[in-house]
Amino acid sequence: MMPRNFRLLEELERGEKGIGDGTVSYGMDDADDIYMQSWTGTILGPHNTAYEGKIFQLKLFCGKEYPESPPTVRFQTRINMACVNPETGVVEPSLFPMLTNWRREYTMEDILVKLKKEMMTSHNRKLAQPPEGTEEARADPKGPAKCCAMAPSAASSNTKEGESGEEGYTALEKHVAFFDRNGDGVIYPWETYQGFRAIGVGRLPSAIAGLFINMGLSQKTRPGKGFSLLFPIEVKNSHFCIHGSVTEVYDKNGRFVESKFEEIFKKHARSHRNALTYKELLQLLKSNRDPGDFGGWIAAYGEWKLLYELCKDEDGLLTREAVKGAFDGSIFRKLEKERLSSSHKKKEKRRR
């Protein structure tokens, strides 16, 4: 009989390689957890259901009796589903036969796949769902509440000048929090890697980004704390990472400044009122350079170049909507949804 940790390591390896058609995924919350107890799973809502187009995040807690006993499963994203407690998000074992009739050979992957199938059943598929942006922290039956990683980037991008975003997040914090894949307020290099992969960046560039971004920003976001070889970035202190040679759309606290955002298009959008060409983008970068700030020049160019490559339209234009979505992180969530949906459609075609 395979020991508990060997079994979980096997599940972790499978989760990292990718599951089936890509519409469900899971991974460990804390690489330092020797008991491998806390996991985060995601399910892309199936087509032709009320869940379509939504990404649902779950917490799975594997106690020391796992896999002899089932994990605790809890939705962090709010959802209307027959087997889910609407207040706590907990998947009720009495209403979800897989947990009631648990077998040792069942896995976390099996649970996620089965929950997705449950979404497609006649008694669930048409249930009205909570509106976008209603994700929030829930009480964890096995530990303290944690914010859903998708919550900050799901908040509205219509943040007025000088104001914080929904749920107390500034625009910059919402931008950064997309990469906090387990929603614990701290971003490790592997989460940065996962975030870049989620929006369609290749494996090597994502790995380089995960290494250098965390190495460069970790200590800045941890004032007064000792050096850590894990290079964590604290989301709440992301405003300490604002570099020079920027547009000043973020104020010193990371809040969105509407007037500075409008300046981008008033000054540089010459060909199209609400979009930038690549040439105009380069002019924008040049006009915001601080003398001698070579590090800031490189950082700004890398950020805007990546945004342009990921979000340009068929005419090679970077639209106002895409730029604003980059400042509050909502464009990342959109790209992730589109990538997951596209991957699912391709695999469905292959099956046919």
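Predicted model: local features only at pLDDT ≥ 70, side-chain atom pairs only at ≥ 80, totals over all residues.
Local features are taken at pLDDT of at least 70 and side-chain atom pairs only at pLDDT 80 or more, while totals for chains, interfaces and linings use all residues. Residues are numbered from 1 along each chain as its sequence is written, and side-chain values use heavy atoms, without hydrogens and water.

Side chains of opposite charge can pair when their charged atoms come close. Here a salt bridge is a side-chain nitrogen of Lys or Arg within 4 Å of a carboxyl oxygen of Asp or Glu, and the count by this rule is 13. One of them joins R181 and E336, with 2.6 Å between the closest N and O atoms. This pair links distant parts of the chain, 155 residues apart: R181 sits in the loop between α5 (171-177) and β7 (186-187), and E336 in helix α12 (residues 330-351). Helices (H or I, at least four residues) and strands (E, at least two) are DSSP runs, numbered from the N terminus. Both R181 and E336 are buried, where buried means under 20% relative accessible area, exposed over 50%, and partly exposed in between (1.4 Å probe, protein chains only).

E234 and K225 form another salt bridge, at 2.5 Å from N to O. E234 counts as buried because its relative accessibility is 9%, whereas K225, at 43%, is partly exposed. Salt bridges also link K305, E309 and K312 in a network.

A further salt bridge, 3.0 Å from N to O, connects E262 and R320. E262 belongs to helix α8 (residues 258-268) and R320 to helix α11 (residues 320-328), 58 residues apart in the chain. Both ends are partly exposed, E262 with a relative accessible area of 23% and R320 with 22%.

Contact means heavy atoms within 4.5 Å; E258, F261, E262, I264 and F265 of α8 meet R320, V323, K324 and F327 of α11.

Helix α11 is mostly covered, with seven of its nine residues buried. These are A322, V323, K324, G325, A326, F327 and D328. After α11 comes G329, with a positive phi near 85°.
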